[in-house]
Amino acid sequence: DMETSVLFPGEAEGYVQNLETFSLRDIGSPRWFRQHEYIEKLNMQAILNASATATQDEFVKELLVSLGKIPTLVHEMILVELWKQKVFPIFCQLQDFNPKSTFPLYMVIHHEASIINLLETIMYHKDSCEGADDSVLDLVDYCHRKLTLLASRASRDDDLQGQNAALEFEISLKALSVLRYITDHTDSISVINRMLCTHNLPCVLVQLVQHCPWSRYSADLCNLPWHAVIPSEDHLKMTKLDGQVWIALYNLVLKEDCQRKYDFNNFNKNQLLKLRGFLTEVLIDQLPNLVELQRFLSHLTVTDPAPPKKDLILEQIPEMWNNIMRDNMGKWKAIAKYQVKEMFNPSEKDLRQQALRLAQTYNLDVMESLIPEKPKCGACGAEASKRCSRCQREWYCQRECQVKHWSKHKVACQLMAEVTEMLQKDLAVTPTEREADIADILD
């Protein structure tokens, strides 16, 4: 059985070598979209590398580290995060914004998810954390923004933003894993300071343990189709996400460097002590290390640790968010107007080329091999054998479930159908026209 692959190491090297940082104004340009495709392919190949047998080296990760491109990825992710906050809402209010297709916009919105996904795959390794260099500080800030959002479960009801809510939720969950890997690997005083003193991440994580926003028992999220329902017998089994929160807490509270820096004042102490009720036998059976956390917390009930010594250190500060804000202050509306006209108003031909390139990127055989387990029903979480005939992406166990789920699935289905439609139009084109199109694409 040939191992599925999206990229050969030589191709991947070319892609990684060419990754560059863009300005906010350039989001959506042909050059930006080309990089979006590079990142999509690198992301898929990194997942394949990570899930393959031990024989295959993780060449995508190795290249990103050796060519020093992890900071570029972090920058591009924060760039789109800011664009979504500052420019996208203006789009939705502009009178002349009536695109033939929302498809290119959707790809920009999705770009942040692709990058955090790629980072989640590679940051598992210590050398990636080292290779990220100072951008780890920017990444910590990013994860903090996403986790506070998750802890407060801020829900926006706006329609275009509503499609975004499920995606934002997924992004926050990936950010949680990335943060946990940073707590595993970092020994930089600046990073530890940022996590403990600036952001008080232990307290944010305590809130996540309390609210457990990813459990389907939390009613607010029942309308997020992206997450499988947890059958009741699995309720006591720890999910991967619970695991990430507990391991991050374990690292931030028990690692020696962290204990020296953290202020166990009354507030923080009381927050941490709330964890005792959650440290059940069932949990500790699944993560035996947590016995040490349990012991530490019992000890904390009867002691008042000394406040941390004030070290005089030259603290490094993350700069990406602030620099992008500074460069674009007061220009949000101008950028939105420029992009609506120049970037997000593609001709039929441009759209068709984009769809063609995407179809080549999201090769279905590869997609199937990225999904290791049997498909689950989008509505009830049971094993599923029927596919949505329109988009071929969502699965159901029975017709009733599909009907019930339609209102939530409609938007994604529409987008996927748009792509398929464009491809079918393309197949009706004469061979000479298509050759010309493909020649353009290869330019």
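Visitor: How many helices and how many strands does the secondary structure of the chain come to?

Guide: The model is a predicted one. Its secondary structure is made up of helices and strands, and the count comes to 22 helices and two strands.

Visitor: What percentage of the residues count as buried?

Guide: A residue counts as buried when its relative accessible area is under 20%. The chain has 443 residues, and the buried share of them is 49%.

Visitor: Which residues of the largest nonpolar core touch the most other members?

Guide: This core has 116 residues. Its largest share, eleven residues, comes from H6. The residues that touch the most other members are Trp83, Phe91, Leu119, Met123, Trp214, Trp246 and Leu272.

Visitor: Which residues is Leu119 in contact with, leaving aside its neighbours within four places in sequence?

Guide: Leu119 is one of the core residues that touch the most other members. With neighbours within four places left out, its contacts are Ile70, Leu73, Val74, Met77, Leu139 and Val178.

Visitor: Which residues of H3 are buried, and which helices do they pack against?

Guide: Helix H3 covers residues 59–66. Its buried residues are Phe59, Val60, Lys61, Leu63 and Leu64. They pack against helices H1, H2, H4, H6 and H7.

Visitor: Which residue with a positive phi follows H3?

Guide: The phi angle in question is near 65 degrees. The residue that follows H3 with this angle is Gly68.

Visitor: Is Lys61 buried or exposed?

Guide: Lys61 is found in helix H3. Leaving aside neighbours within four places in sequence, Lys61 is in contact with Ile122, His125, Asp127 and Ser128. Because its relative accessibility is 6%, Lys61 counts as buried.

Visitor: Which residue forms a salt bridge with Lys61?

Guide: Side chains of opposite charge can pair when their charged atoms come close. For Lys61 the closest N and O atoms of the pair are 3.0 Å apart. The partner is in helix H7, 66 residues from Lys61, and has a relative accessible area of 26%, so it is partly exposed. That partner is Asp127.

Visitor: In the salt bridge of Lys240 and Glu120, which residue counts as buried?

Guide: The side chains of Lys240 and Glu120 meet at 3.0 Å, N to O. The pair links helix H12 to helix H6, 120 residues apart. Lys240 has a relative accessible area of 53% and is therefore exposed. At 9% relative accessibility, the residue that counts as buried is Glu120.

Visitor: Which residues are linked in a network of salt bridges?

Guide: The structure holds 18 salt bridges. One of them joins Lys341 and Glu342 at 3.8 Å, N to O. The residues linked in a network are Lys84, Glu112, Lys146 and Glu168.

Visitor: Which annotation covers residues 377–413?

Guide: Over these residues the chain is 41% helix and 11% strand. The end C-alpha atoms are 15 Å apart. The annotation comes from an unreviewed UniProt entry and reads "domain: MYND-type".

Visitor: Where is Cys401, and what is its relative accessible area?

Guide: Cys401 lies in helix H21, residues 399–427. Leaving aside neighbours within four places in sequence, Cys401 is in contact with Cys377, Ala379, Cys380 and Tyr396. Its C-alpha atom is separated by 9.9 Å from that of Gly381, 20 residues apart along the chain. Cys401 is buried, because its relative accessible area is 4%.

How values were computed. Residues numbered from 1 in each chain as written. Predicted model: local features only at pLDDT ≥ 70, side-chain atom pairs only at ≥ 80, totals over all residues. Heavy atoms only, no water. Helix = DSSP H or I, 4+ residues; strand = E, 2+ residues; numbered from the N terminus. Buried < 20%, exposed > 50% of the residue type's maximum accessible area, 1.4 Å probe, protein only. Contact = heavy atoms within 4.5 Å. Core = buried A, V, L, I, M, F, W, Y, C linked by side-chain atoms within 4.5 Å. Salt bridge = Lys/Arg side-chain N within 4 Å of Asp/Glu carboxyl O. UniProt positions renumbered as here; feature names shortened; annotations may be inferred.
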